[in-house]
Amino acid sequence: MFRRQARLLPVLPAVLLLLVFLAGPVLWAFHASFTNAALTGRNARNPGWIGFDNYARLLSDPMLPLSLGLTVLFVGGSAILGQNLLGLTLAVLMRRARRPVAAVVGTAVVAAWVLPEIVAAFAAYAYFSRDGTLNQLLGGLGFGQTNWLYSFPMVAILLANIWRGTAFSMLVYRAALNDIPGEVTEAALMDGAGGWQRLAFITIPMIRGSIATNLMLITLQTLAVFTLIWVMTAGGPANASTTLPVMAYLEAFKFGDIGYGTAVASVLILIGVVFGAAYVRLLREGKP
């Protein structure tokens, strides 16, 4: 018994740090969501307990289904489909490409990922703005200019997040592909399997654990994206790009209703927990 407890001692500092810096803020957020805490005024000094009033108000708020739908679109389009599929495609192509080509492509993709988030957000804003790079390129080709951030805000944000986050998926899949034994691929070639057949029946089944892990990480990361959206559109125009993180920020810090804002944030936390639990179950089912 003592020996088993001694083996747990090295992880005790990590557990304490998680409790202080992760569990602590989460518990505070849930507690604040049951109060009328405010950014200014009397409720800022002495917030009172109001029970489920914030959640009842949230369920009747027309902004909730809009923000929830935009969040699902943002996560599904830019992470699950965009980053995941593009990262896998790049990893497969780079494995077959010559080393100089793979190095150049890998450097170009990773460059967007290593940029600080605020820098990447301003770069994306400059690219999609009315007088930005995209319209300059389209104008040079004879096409008319479009205010992408006003007319198609979610399209611009989706593409920007795919651009910034694909590198992570690419690196995960490159590492997974390198772990596939060469003799397995050679045996498939000798049996006459084509490229698509090898990908569908050999490569993907052998890296399904990496796929599940990557999906879990990029989903949770994309759920929490705020800076990119705020810099590019600030949730506009007319709430057309107001995802749940943006809605929580607006309610808490623009309108000063901390209790209601943390209720929105609590819903976001619960959604993340559901996604995480689903992916963990998928990982366990994928084990031999």
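Modeller: Tyr 55 is buried, with a relative accessible area of 15%; buried means under 20%, exposed over 50% and partly exposed in between, with a 1.4 Å probe and protein chains only. Before going on, note that this is a predicted model, in which local features need pLDDT of at least 70, side-chain atom pairs count only at pLDDT 80 or more, and totals for chains, interfaces and linings use all residues. Residues are numbered from 1 along each chain as its sequence is written, and side-chain values use heavy atoms, without hydrogens and water.

The partner of Tyr 55 is Phe 52: their ring centres are 6.4 Å apart and their planes meet at 55°, so this pair is tilted. Rings of Phe, Tyr and Trp (its six-membered ring) pair if their centres lie within 6.5 Å; planes under 30 degrees apart are stacked, over 60 edge-to-face, and the rest tilted. Phe 52 has 59% relative accessibility, so it counts as exposed. Both residues belong to a cluster that ring pairs build from Phe 34, Trp 49, Phe 52 and Tyr 55.

In total, the structure has twelve aromatic pairs. Another of them joins Phe 226 to Trp 230, and this one is stacked, with 5.6 Å between centres and 20° between planes. Phe 226 is partly exposed at 23% relative accessibility, and Trp 230 is partly exposed at 28%.

A ring can also lie under a charge (NZ of Lys or CZ of Arg within 6 Å of the ring centre and within 35 degrees of the ring normal). Here the charged end of Arg 57 sits over the ring of Tyr 260, 3.7 Å from its centre.
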